Amino acid sequence: MRNRTGSGGRRANHTVLLDVTRLISRSWTARQSTGIDRVCYAYLRHFHRTALAVVQHRGIVRTLCADKSDQLFDMLLGPASGFRMKFLTWLPRALRSSLPMTDITGMPYLNVSHTDFDLPKHFDWTARSGVRSIYLIHDLIPIRHPQFSRPHAVQRHQGRVRRALKHGGQIVTSSRAVADDLEAFAQSEGLEMPPVLVAPIAGETFTPPSNATKPSPAYFLCAGTIEPRKNHQLLCDVWHILESRMGAKTPQLIIAGQTGPLTGDILASFMLSPKVAPFVDLSTTCSDSELAGLMHDAAALLMPSLAEGYGLPIVEALNLGTPVIASDSAIFREIGQGLPQFIAPDDAAAWATAIEEISTFRADVYGKSASVEGSGMASSKAKRAAQFSAPSWAAHFELLDSVIAAPDAPASLKTASAYESNLAA
């Protein structure tokens, strides 16, 4: 007989199923967290003590008992060092403690990682177990912009979105822009839309460094995975223009992001150019604390992306009061609340002019008294940050928890009130 309150089983306070397959893979490989990984960790922290862990492998789905779920969550939230050994030691007993489907019938199942819900076996499991599936669709980039993805990735994402529309009880998006893309795709496929909850996601809460009041020479930051859709090539063209105009006074460009399959081709355009290379610094292993310092002290964050599902660096920069120059896109206008400077992502001359103006102003400030001008710069940052109504995880989960508690309540295109009022302003 299974013990419902002791070891194993499903305890009364474990009311949600949380898929953590992606986070196991991330911890196993020790790779840097992507934007999707950060969302997964936010969900894990929120549901840490109220969720049962769901793990998938090639269409085989297992739900772990309460004790093993708690142990796995602790491992995933703990130090990355030694994870493999801990996981391999823990795994055999955990698999033997998997719950039968009858124990999870009717429970909400959260998959916020795009994990395996393109596979028919996944939906065999959701149907046989009777769970209420909730899928977070981060973006439709492989569908809307297939040129930025490998063919296999395009096919898999089409499968994810189609099956989430057909079989999902609820879909969550982080923006209206993605919800609109989803609705357009559903119409093109002749599919009905399930209820959609728009719940903006939050970035990291960066703490300004201790020397934040000290002005520094102008440098510009581009943060994110180094891949074609991020449009680093535009920045290479921009820095060629800047070097031709400013010579030795050309500002530094710091590229902070992990590498991808096509990173080499992108970086070659910077590093093989004798005129641009001296003004470009690359950081592929930037910690959160290092990124916080870089983002706070940057003359501006640059986001020239050609396609994005959200844009967490914009949220993080605006929350610090750092200026942002971004592509003129629907998603950036939505999350930026009108505060960034928006420029077409193919207008290198306009980007160069905007960067040169900021760089010249910053250089003038740096040449004056550090104490006086540093204080003024800190004041300007504080004023800019106050203009931004930052999305919060608390607001996100308040919306989500209401959907989980009342699955039949209308949730279509509902957003957090503070965020919504700022958009309307």
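**View A. Strands S11 and S12 in the parallel sheet.** In this predicted model, strand S11 (residues 300-303) and strand S12 (residues 324-327) run parallel and are joined by three bridges, where two strands are said to pair if DSSP finds at least two bridges between them. Leu301 has Val324 as its bridge partner in S12. Helices (H or I, at least four residues) and strands (E, at least two) are DSSP runs, numbered from the N terminus. Residues are numbered from 1 along each chain as its sequence is written, and side-chain values use heavy atoms, with hydrogens and water left out. Because the model is predicted, local features need pLDDT of at least 70 and side-chain atom pairs count only at pLDDT 80 or more, whereas totals for chains, interfaces and linings use all residues.

View B. Six strands with parallel pairing make up an open sheet in the order S10-S9-S8-S11-S12-S13. S10 and strand S13 (341-343) are the edge strands, each pairing on one side only. From one strand to the next the twist averages 25 degrees. H9 packs on the sheet, touching strand S8 (219-223), S9 and S11, and its direction makes about 165 degrees with that of S9; axes are lines fitted to C-alpha atoms, for helices over the stretch in contact, and angles run from 0 to 180 degrees between N-to-C directions. H10 also packs on the sheet, where H10 touches S9 and S10 and its direction makes about 150 degrees with that of S10.

View C. Thr263, Ile266, Leu267 and Phe270 are the buried residues of helix H10 (residues 263-271), buried meaning under 20% relative accessible area, exposed over 50% and partly exposed in between (1.4 Å probe, protein chains only). The buried residues of H10 pack against helix H9 (232-246), strand S9 (252-256) and strand S10 (280-283), contact meaning heavy atoms within 4.5 Å.

**View D. The largest nonpolar core and Leu221.** The largest nonpolar core has 68 residues, and those with the most contacts inside it include Leu221, Leu301 and Tyr43; such a core is a set of buried Ala, Val, Leu, Ile, Met, Phe, Trp, Tyr and Cys residues joined through side-chain atoms within 4.5 Å. Leaving aside neighbours within four places in sequence, Leu221 is in contact with residues including Ile254, Leu291, Met295 and Leu301.

View E. Tyr43 and Phe47 form a tilted aromatic pair, at 6.1 Å centre to centre and 35 degrees between the planes; rings of Phe, Tyr and Trp (its six-membered ring) pair if their centres lie within 6.5 Å, with planes under 30 degrees apart counted as stacked, over 60 as edge-to-face and the rest as tilted. Because they are four residues apart in helix H2, Tyr43 and Phe47 are separated by about one helical turn, and both are buried. The rings of Trp393 and Phe397 have centres 5.6 Å apart and planes at 25 degrees, so this pair is stacked. Trp393 and Phe397 are likewise four residues apart, about one turn, in helix H16 (residues 393-405).
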